[in-house]
Every structure is written in structure tokens, then in C-alpha cells.
Amino acid sequence: MVVIIDYRAGNLTSVVRSLNALGVAGEVTQDPAVVARAERIVFPGVGAAGKAMAILQELRLDQALKAAFDAGVPILGICLGAQVILEYSDENDNTRCLGLLPGRTRALPREPGLKIPHMGWNQVRFLRDHPLFQGLPESAEYYFVHSYYPSPAREDMVLGVTEHGITFPSVMGWRNLVATQFHPEKSGRFGLQLLKNFLAWDGSYAK
Amino acid sequence: MLSKRIIPCLDVRDGRTTKGIKFKNNVDIGDPVAMARHYYEAGADELVFYDITASSDRRNIMIEVVRRVAAAILIPFSVGGGIRNLQDMRDVLLAGAEKVSVNTAAVLDPNLIAAGARDFGSQCIVLGMDVKKVEVSEAIPSGYEMVIHGGRTHMGIDALWWAQEAERLGAGEICLNSIDADGTQAGYELTLTRMISEAVSIPVIASGGAGTPEHLYEVLTTGRADAALIASMVHYGAYTIQEIKDYLHQRGIPVRLHW
């Protein structure tokens, strides 16, 4: 069973539809007991870190996610879901986050002529091999919309990077967790391929 | 590097696209879902639907269109036209649109932008602006004024001020339509687009006046736009999105070439 975590952080319709397109029903849930039974977890979300963490705690999904990560369940974080897996976020005054990976979420630096949010299609430079990248050409672009970016403490957790003013981590991976700052569910057939790769992945990577 | 977005705009009335649209090498299609699918496969980076239905039961028809479009494409799309309050926004977003575009309602009640950004996130809220060039005055120091009703009603609000105010209130993007250029196919309003784009940090989609790929080149360089809205030039088969993107790529504009 593929579980999609609903913590009232944006619209999950497109995530569900993408999974449907791959022949997977996907169960949308706010229930930590359902998360505990998940064989695979998609952790999407848009919005602000502070509110997201408050709701995750209120619904006790924070503990459920940590338990699933420790148990080796394959997890895909998307956008805000790729940010709150770190320890802290600069958004909303140093928000304490899930801490599945060491590191923090930072604001994209503002500079003249650079548009924030980073909105639209951009490339990802793959730094490491990962089953998630199977069949994806370097020329592929993915849809981004964000003002903050994930910055894991360890360089070997960064699988891919993207440029917008700075070069920032856009794909992270460690053990049974992968996370994309972009939206694979909105990124055409290459995004769909990435989701397909996630669904086929056994969750083993690195230490 | 972030690609410049090419965004076809579809006007929808009573669940059908308004114009007898003829794709290049294709037959007329009035079904917005079929058109969405066509443009998705043809390389559109995003789509905009503008609901111009007048009848009172308009919302249900459009929501059904949004739901079917969401199931047919894997790129973002926004919906504008007749978005008056938070409930209208919620209906459209829950049906599967990524963004809602507010125009007249936000001019009349700017708090709608702040409330929408608070409830759904800034990334969902597009400020639609219909702008007309006027004499510079004390009330309109930029010489560009906000208008509604297709330009027939002047609002007495300076466009430059309003763009900055909307950004402050939480709009995530601006779709900037020049009423003077709209429908002319003679090129975008470059002065206006550059002025607004340089005055805000959020992305600006240029709208109105696109007739040739060179017009897009101009607005994405001189006009400083982050994205370009197109309509007639692709709806009636004069150009394909591939042709437009090939042209822009050859002239050094970053565009998404593989889809």
C-alpha cells in the first residue's frame, strides 16, 4: 500500500492522479496508524514550515514518519516534504523540523533581477547514481515553485543540484529516503518516470 | 538555469473554448480538455484557463472542466475569471488547478490576496492585471492605470503601485495584460512589462499582443518577463509551440526543449 500523507499542506490531487496514471491507487491519510502500515510513503506538501510542523505534531504524523524511516519504508518527500525532513528551517523563525536527515532549510538568497519564488522549469544535475534517476536524461527539466531550499549537513546526501542564483540541492537521498525540491507530479513524463522509479525502488541506498 | 515559460491561454464559456480554434494541421476543437491535452503534448510549460461564462451556474460547469483537465495533463495550470472569494479559490484548487488568478475582485478587495495566500499559499495566488496606458497624473504617476470590464472602466489605481502592493499582500506571481496590446498581435507592451517586472521580485507573465515568435523574444529580453502568454498565434495554427521554442532557443533564450 502506497500512503500519501495529508497534513493540510496544499492540494494532493495531482500527486494522487500521477500515481493513478502509474496504476497505483494510493491512500491519502492523516492517520498515523495508516502510516504505520504503509509499504511506501509519499510525503508531499506546499506552504510554510511552521504551520506544517504544527499540524504534523498535532496529528502525531511526525512520530509516525520517524518510525517509518527507521523501519526502512521507502519514503519520497516532495517540495515542503523535502524541507521539513531536515532538522531546522529558517522559515518562520528557525522552525524545529523532523530531523530525519541532518541539516537545515534556508531561504534562497535575494539579489537584483532574481525572481523569488523560483517558479518554473529547471534542470537537475545528477551528482550520484541512484535508482530514482533510472532512464532520466540530463536534459530533462522539472517544475519548481519554492522560496526556500533544503541544505543537508552532509554532502553525500545530495544527489542532484539546480541553479537559481545559487546552486542548491534539489534531490536528496539517504538510506530509504529520497526527496525532491521540485514537483515530479507536475513535471510531465520525466516526472512520471521518477515517480515510477520510486515505486519500483526497494529502499536501499548508501549506508 | 530557469527556463522562460510559454503559456497558452484558453478562454472557456459554458464549458467550451470560445473561439472556433484550429490547430496547425488539425481540425477545429472546442473541448478545453482535448485542447489542454494537445498543448501538454505539444510542449506547453503551463496552461491558463480563463472562464468567461456569464450564467449563474457557471461555477459548476467550470469546476467540472478543471477536474477533467487535471486528469489529462501533468503540467501546472491556473484558472481565472469570476474568482470572487475564498470559496471560489478553494473549489478551483480542490478540483486540481495549481493556481487561481484574481483580477477584479482583488482590486475591489485587496484583502482577498492576503487571505488566499494565508489559506492556500502564495504560490497559488496569481494577480491578474488589466492595464491601460494613460496620461501621467498625480493619481497615476506611472502612466499605467488599472482597468476592468475589458478596459471600459478605469479604476483610478496606478498599475505600478498595485503590482507592488499585491506582492506585499502575498501574491506569488503576476499575469500582466495590456489592454492596449491585447488582440492586436502586434507585440507585447514592452515598456509596461519591463517597468512592472523590475519593480517586483515575483515572476511576471506577459500577456497581450503576441503574434510572432519575435514578440516573445522581445518581451522575454527587453520586457524582462519570466513567461509569455500566447493565444491566437497558436490557436489558429500560425505557429506550433515547438516552432516558437526553437526560435527562442536559437536566439539564446533558455526554454524547455524536451518533454
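1. Two strands pair if DSSP finds at least two bridges between them. Helices (H or I, at least four residues) and strands (E, at least two) are DSSP runs, numbered from the N terminus. In this predicted model, eight strands of chain A form an open sheet in the order β2-β1-β3-β4-β14-β13-β12-β9, with mixed pairing. Its edge strands are β2 (27–29) and β9 (125–126) of chain A, and each pairs on one side only. β9(A) is antiparallel to β12 (158–164) of chain A, over two bridges. F126(A) has G160(A) as its bridge partner in β12(A).

2. Basis of the model. Residues are numbered from 1 along each chain as its sequence is written, while chains are lettered from A and ligands numbered from 1 in the order in which they are written. The model is predicted: local features need pLDDT of at least 70, side-chain atom pairs count only at pLDDT 80 or more, and totals for chains, interfaces and linings use all residues.

3. Confidence. The predictor gives the complex an ipTM of 0.94 and a pTM of 0.95. Chain B averages a pLDDT (the predictor's confidence in each residue, from 0 to 100) of 92, and 94% of the residues score at least 70. Treat residues 23–27 of chain B separately: their pLDDT is below 50, and the stretch has five contacts in the model beyond near neighbours in sequence. Two residues are in contact if their C-beta atoms, placed from the backbone, lie within 7 Å.

4. The four-stranded sheet of chain A. This open sheet has the order β6-β5-β7-β11 in chain A, again with mixed pairing. β6 (95–96) and β11 (148–152) of chain A each have a single partner strand, so one side of each lacks a neighbour in the sheet. β7 (103–107) of chain A pairs with β11(A) in the antiparallel sense over five bridges. There, R104(A) is partnered by S151(A).

5. The A–B interface. 26 residues of chain B are in contact with 29 residues of chain A. On the chain B side, the elements giving two or more residues are α2 (58–72) and α3 (86–94). That side divides into 13 nonpolar, seven polar and six charged residues. Here Ala, Val, Leu, Ile, Met, Phe, Trp, Tyr, Cys and Pro count as nonpolar, Asp, Glu, Lys and Arg as charged, and the others, Gly among them, as polar.

6. Strand β6 of chain B. Both faces of β6 (77–80) of chain B are covered: F77(B) and V79(B) on one side, S78(B) and G80(B) on the other, are all buried. Buried means 20 or more other C-beta atoms within 10 Å of a residue's own, exposed 12 or fewer, and partly exposed in between, with C-beta atoms placed from the backbone. Four bridges join β6(B) to β5 (47–51) of chain B in parallel. V79(B) is the bridge partner of F49(B). β6(B) also pairs with β7(B), parallel, over three bridges. S78(B) stands opposite K99(B) in β7(B).

7. Helix α5 of chain B. In α5 (111–120) of chain B, L112(B), I113(B), G116(B) and F120(B) are buried. Down the axis of α5(B), these fall within an arc of 100 degrees (taken from the directions from the helix axis to the C-beta atoms), so they line one face of the helix. They pack against α3, β7 (99–102), α4 (104–108), β8 (125–133) and α6 (159–169) of chain B. G121(B) follows α5(B) with a positive phi, near 95 degrees.
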